[in-house]
Amino acid sequence: MGANYPRKIIHIDMDAFYASVEVRDHPKLTGLPVVVGGAPASRGVVAAASYEARKYGIRSAMPSARAARLCPQAVFLPPNFENYRAVSAQIHEIFQRYTGLVEGLSLDEAYLDVTQNRLGVPSATRLAQAIKREIVAETRLTASAGVAPNKFLAKVASEERKPNGLFVIRPQDVASFLLTLPVAKVPGVGQVTLERLKALNIATCGDLQGMPLAELVHRFGRRGEYFHQICRGNDDRPVEPSRERKSVSVEDTFAEDHDHLPWLLVKMRDLAERLARRMEQAEARGHTVTLKLRLADFRSFTRSRTLPHAVDDAETLFAVGRELYQQSGLAGQKLRLLGLGVSQLDGDPEPAEDLRQMTLWDGAAPDELASPGSLL
């Protein structure tokens with residue numbers, strides 16, 4: 001590859017975080033399949049599952065009713081986010097002992113740039129080992145860590161030895177590692193994209209490297225440029241300690257499927273009012289309004305509109321959401337979920353885009369990546 005890398009990045013991912021906190025706090029649950037999320041009789045979904053539960057095929061975002069069918073003996077618990085946030089704060093205090101360059105992605109996941117760290121230790125691997133030990137000692141929870149010369153590789157590495165694992169990708173090993181890395185492990189490659197890549201006989205990053213940039217762009221648009229860079233390990237994104245909010249959204253899963261327009265409009269107005277309150281609390285205004293629709297058969301669709309002026313008021317949000325629904329081509333079909341969100345917030349550096357295919361909920365490929373430099 002011949003690339004030089006300027007950074008040493010650690011990606012920390014807590015193991016089955018919500019479920020692990022519950023088991024820690026309720027020792028009688030040790031060894032049992034624990035599921036945190038909605039009750040099986042509700043229309044809720046799984047927020048987290050212990051590794052014992054995962055053996056039965058239970059995964060995050062799966063409907064709780066399906067999880068109960070897969071594992072009838074599973075113990076279902078409602079989430080206690082106040083507790084999870086408190087534990088997350090403990091973990092971040094540990095991170096700060098090593099570096100101020102900490103980018104929290106969620107309560108249970110963060111990037112750390114330890115190129116120049118507070119202990120003056122040159123080995124990122126030793127720092128990751130020390131961080132993992134302190135997390136266990138102070139929280140009685142385990143974390144998996146990935147050590148690599150950039151964020152993309154560190155995140156992939158943290159998945160290699162779960163749970164309670166540590167995996168290191170050294171700069172000199174990047175090229176050989178990527179040759180066999182499944183494209184399914186590349187962030188931004190969802191099930192639909194994966195099927196399209198399979199149809200092109202692309203299964204690994206090595207295969208993807210063999211496809212010309214022009215063809216990738218032709219087939220995948222802007223994401224083609226991202227795939228071209230990322231399959232070569234090129235990711236120059238810095239660790240950003242203060243990540244700006246990129247979107248605000250709310251959604252509602254119904255107790256029963258509905259297709260009655262007046263009823264749905266009442267729900268949509270409620271969503272618009274909740275979204276407006278959330279935006280007010282976040283002091284946010286945005287240009288792109290996105291409507292999420294999930295049908296009774298669990299298929300999800302989104303429709304978006306980018307407005308010339310930033311909005312944050314419930315009336316405008318409701319009006320745009322109603323028009324998006326009427327133009328969605330799905331009116332009259334039974335829905336199990338409605339969602340409403342706003343992105344392209346004031347202050348975002350990127351221009352507004354049509355989010356019809358890649359939305360707040362579905363995620364988007366990272367910003368266009370440049371070639372990395374050298375690791376000191």
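Author: Here is a tour of the model, one term at a time. This is a predicted model, in which local features need pLDDT of at least 70 and side-chain atom pairs count only at pLDDT 80 or more, while totals for chains, interfaces and linings use all residues. Residues are numbered from 1 along each chain as its sequence is written, and side-chain values use heavy atoms, with hydrogens and water left out.

Reader: How many helices and strands does the protein have, and what makes a run count as one?

Author: The protein has 13 helices and twelve strands. Helices (H or I, at least four residues) and strands (E, at least two) are DSSP runs, numbered from the N terminus.

Reader: What makes tyrosine 18 and phenylalanine 81 an aromatic pair, and of which kind?

Author: Rings of Phe, Tyr and Trp (its six-membered ring) pair if their centres lie within 6.5 Å; planes under 30 degrees apart count as stacked, over 60 as edge-to-face and the rest as tilted. By this rule there are nine aromatic pairs. The centres of tyrosine 18 and phenylalanine 81 are 5.5 Å apart with 90° between the planes, so this pair is edge-to-face. Tyrosine 18 belongs to helix H1 (residues 17-25) and phenylalanine 81 to helix H4 (residues 81-96), so the pair ties together parts that are 63 residues apart in sequence.

Reader: Which residues do ring pairs link into a cluster?

Author: Phe17, Tyr18, Phe81 and Tyr84 are linked in this way.

Reader: How do you know that H1 is mostly covered?

Author: Seven of the nine residues of H1 are buried. They are Phe17, Tyr18, Ala19, Val21, Glu22, Val23 and Arg24. What covers them includes E1, strand E2 (34-37), strand E3 (46-49), strand E4 (75-77), H4 and helix H5 (124-139).

Reader: What makes the charge of arginine 54 sit over the ring of tyrosine 51?

Author: The rule asks for NZ of Lys or CZ of Arg within 6 Å of the ring centre and within 35 degrees of the ring normal. The charged end of arginine 54 sits over the tyrosine 51 ring, 4.4 Å from its centre. Arginine 269 does likewise over the ring of phenylalanine 318, at 4.0 Å from the centre.

Reader: What makes a space a cavity, and how many are there of 30 Å³ or more?

Author: On a 1 Å grid over the protein atoms alone, a cavity is a set of points where a 1.4 Å probe fits but cannot get out; a pocket is an open set with protein on both sides within 12 Å along at least five of seven lines, and lining residues have an atom within 4 Å of a point. There is one cavity of 30 Å³ or more. The largest cavity has a volume of about 40 Å³, a volume being the space filled by probe spheres set on the points, which are joined across faces, edges and corners. H4 gives the most to the lining of the largest cavity, with three residues.

Reader: And what is known of the second largest pocket?

Author: Its volume is about 210 Å³. Of the 15 residues lining the second largest pocket, the closest to its centre are Ser20, Val23, Ser50, Tyr51 and Glu52. The largest share of that lining, three residues, comes from H1.

Reader: Why is proline 63 called buried?

Author: Proline 63 has 16% relative accessibility, so it counts as buried. Proline 63 is in the loop between H2 and helix H3 (64-70). Leaving aside neighbours within four places in sequence, proline 63 is in contact (heavy atoms within 4.5 Å) with Gly44, Val45 and Phe298.

Technical notes: Buried < 20%, exposed > 50% of the residue type's maximum accessible area, 1.4 Å probe, protein only.
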